[in-house]
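Student: Could you walk me through this structure, please? I have not seen it before.

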Amino acid sequence: MDHHTDDIPDDIDHRILAALRARGADPRVAGAARTLSRAGEHGALWLVAGLVGAAVDGSRRGAWLRATALTAGAHVASMGVKRIVRRPRPAHVEPLVRTAGRHSFPSSHATSAAAAAVAYGALGAHVVPPLAAAMCLSRLVVGVHYPSDVAAGAALGALAARVGARWMREGARSVHGGVRGGVHD
């Protein structure tokens with residue numbers, strides 16, 4: 001096959017997507033991927049998880065609420081990037097789910113999942129990172145994103161959570177009265 005070097009990343013993206021989308025032929029895999037995709041729509045799963053964390057972990061309620069805000073903020077940022085980049089969704093595979101929008105880059109599901117994995121993981125919610133990885137993978141199995149969309153979304157989400165980590169930790173201390181307005185008592 002004769003490839004121009006600029007086409008190689010696109011070719012790899014297409015091939016990986018086609019291979020993972022083929023896994024959706026198994027009804028159990030397709031069902032799990034559809035369920036994850038629906039749960040992750042607009043970051044819903046992660047926002048609910050953060051609010052539940054805030055409700056049950058009263059001593060760190062502020063940190064949970066800030067982690068939830070970071071997750072929501074990352075999701076909103078990904079939607080903004082989508083509007084700028086405007087990459088169309090994959091057309092060479094049949095999607096297993098409907099999508100809220102036409103644009104593919106970055107994956108907002110991956111963005112909010114990675115933000116939640118980093119932020120909630122830092123609070124000890126160790127089930128979130130593997131669930132977030134499954135969410136990211138589900139976007140390929142259902143055929144609505146290229147791997148590069150998912151990777152970019154995950155990087156954006158993880159970066160947003162890391163940038164906000166100090167602010168999140170300050171939220172935990174402020175509940176205990178150690179910090180008010182960012183200044184130690």
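Tutor: Buried residues, meaning those under 20% relative accessible area with a 1.4 Å probe and protein chains only (exposed is over 50%, partly exposed in between), make up 42% of the 185 residues in the chain. This is a predicted model, in which local features need pLDDT of at least 70, side-chain atom pairs count only at pLDDT 80 or more, and totals for chains, interfaces and linings use all residues. Residues are numbered from 1 along each chain as its sequence is written, and side-chain values use heavy atoms, with hydrogens and water left out.

Student: How many helices and strands does the chain have?

Tutor: The chain has 8 helices and 2 strands. These are DSSP runs numbered from the N terminus: helices are H or I with at least four residues, strands E with at least two. Along the sequence the pattern is α-α-α-α-α-α-α-α-β-β.

Student: Let us take α3. Which of its residues are buried?

Tutor: Trp 46, Gly 50, Gly 53 and Ala 54 are the buried residues of α3. They line one face of the helix, because seen down its axis they fall within an arc of 100°; the arc is that of the directions from the helix axis to the C-beta atoms.

Student: And which exposed residues does the face turned away from the buried side carry?

Tutor: That face of α3 carries Val 48, Ala 55 and Val 56.

Student: What covers the buried residues of α3?

Tutor: The cover includes α4 (61-85), α5 (108-122) and α6 (128-141), where contact means heavy atoms within 4.5 Å.

Student: How do α3 and α5 cross?

Tutor: Their axes come within 9 Å and cross at roughly 20°. Axes are lines fitted to C-alpha atoms, for helices over the stretch in contact, and angles run from 0 to 180 degrees between N-to-C directions. α3 and α5 are therefore roughly parallel to each other, a term for angles under 35 degrees.

Student: Which residues meet there?

Tutor: From α3, Trp 46, Leu 47, Ala 49 and Gly 50 meet His 109, Ser 112, Ala 113, Ala 116 and Tyr 120 of α5.

Student: A change of topic: where does Ser 37 lie?

Tutor: Ser 37 lies in helix α2, residues 27-39.

Student: Why does Ser 37 count as buried?

Tutor: Ser 37 counts as buried because its relative accessibility is 2%. Setting aside neighbours within four places in sequence, Ser 37 is in contact with Val 97, His 109, Met 135, Ser 138, Arg 139 and Val 142.

Key: Angles under 35 degrees count as roughly parallel, over 145 as roughly antiparallel, 65 to 115 as roughly perpendicular and the rest as oblique.
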